[in-house]
Amino acid sequence: MILILLGPPGAGKGTQAKRIEERFGLLTLSTGDMLRTAVREGTDVGKRAKAVMDAGKLVSDEIIVAIVDEAIGRLEPTQGFILDGVPRTTAQADAIGAILEKRGRTLDHVIEMKVDDTVLTERITGRFTCAKCGAGYHDTFKKTKVAGVCDKCGSREFTRRSDDNADTVKARLKAYHAETAPLLDYYRQRGLIRAVDGMAEIDQVTRQMEQVLTRN
Ligand code: AP5
């Protein structure tokens, strides 16, 4: 199975991808994570991407298509996967279509995560992650069971993303509406869109996704 998760910043794409991949034996390819790794490692791609990401703008299609092509190329030929945060432009969507076609793969679903802009700033500015195992949390919506201790690995170190501030969120939302939202029609015309209510609680969103993926 090959899925795309499509939704604005903070819609819950990363949160749900982690849950869906376990349930359906998929791997997640997140361009945001790939770019953050490149920035951390100081690669050429990382150097080119950092300022763009911190400004909340979109990294060039050329870079994105190259890293996605490479990541898909590293998978076993029949391995199912989730694209999280990509495509974000029509050019990326066209290129991903071509990448899948050249490998004889088919896109099964595009899941639209419907969330009102009003809740996104709070979701993003409250997000934090375990520095050791990467488990994701939120100051209000998904606290650790014991304050200051990761539920999964027991680490006491957490990180926050440098682009998770109110100003950058505004720019990221603007980029989403201008460049990514048109992809909803792009995939609707291809009969691939399935929508879930991303305003619901995290467990309920997972259940909606499971229903979508087991029904079809
Ligand atoms: P990326 O890392 O992809 O960020 P994003 O799309 O802005 O998405 P987020 O990771 O912020 O949100 P999410 O939907 O995964 O939400 P999450 O599950 O964490 O991209 C970062 C940057 O990289 C971009 O701005 C761009 O510069 C660049 N980039 C990446 N891909 C690119 C591409 N293809 N083209 C060009 N540039 C690209 O949830 C958020 C918080 O809310 C969490 O704390 C979570 O616990 C909480 N939460 C989740 N669901 C719920 C719920 N249902 N109810 C309450 N709280 C919830």
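**Reading the ligand site**

Mentor: Of the 34 residues around the ligand, those that come nearest are T15, K57, R88, R127 and R172; a residue is near a molecule if one of its heavy atoms lies within 4 Å of it. This is a predicted model, where local features need pLDDT of at least 70 and side-chain atom pairs count only at pLDDT 80 or more, while totals for chains, interfaces and linings use all residues. Residues are numbered from 1 along each chain as its sequence is written, and side-chain values use heavy atoms, with hydrogens and water left out.

Trainee: Which elements each supply at least two residues of the shell around the ligand?

Mentor: Helices (H or I, at least four residues) and strands (E, at least two) are DSSP runs, numbered from the N terminus. Here they are helix 1 (13-24), helix 2 (31-41), strand 6 (136-138) and helix 9 (202-215). Helix 2 gives the most, with four residues.

Trainee: Where is a polar backbone atom 2.8 Å from an oxygen atom of the ligand?

Mentor: A polar contact is a pair of N or O atoms within 3.5 Å; within protein, one must be able to donate a hydrogen and the other to accept it, and residues adjacent in sequence count only if both atoms are side-chain atoms. The 2.8 Å case is at G10. A polar backbone atom of G12 is 3.0 Å from a ligand oxygen, and one of G85 is 3.0 Å from a ligand nitrogen.

Trainee: Which residues have the most contacts inside the largest nonpolar core?

Mentor: A nonpolar core is a set of buried Ala, Val, Leu, Ile, Met, Phe, Trp, Tyr and Cys residues joined through side-chain atoms within 4.5 Å. In the largest, of 31 residues, they are L35, F81, L83, L107, V110 and Y187. Helix 4 gives the most to this core, with six residues. A second, separate core of 20 residues includes L3, L26, M113 and A200.

Trainee: Is E21 buried, partly exposed or exposed?

Mentor: Buried means under 20% relative accessible area, exposed over 50%, partly exposed in between (1.4 Å probe, protein chains only). E21 has 22% relative accessibility, so it counts as partly exposed. E21 lies in helix 1.

Trainee: What does E21 touch, not counting residues up to four places away in sequence?

Mentor: Contact means heavy atoms within 4.5 Å. E21 touches L26, L27, T28 and I82 on that count. The side chains of E21 and T28 are joined by a polar contact of 2.8 Å.
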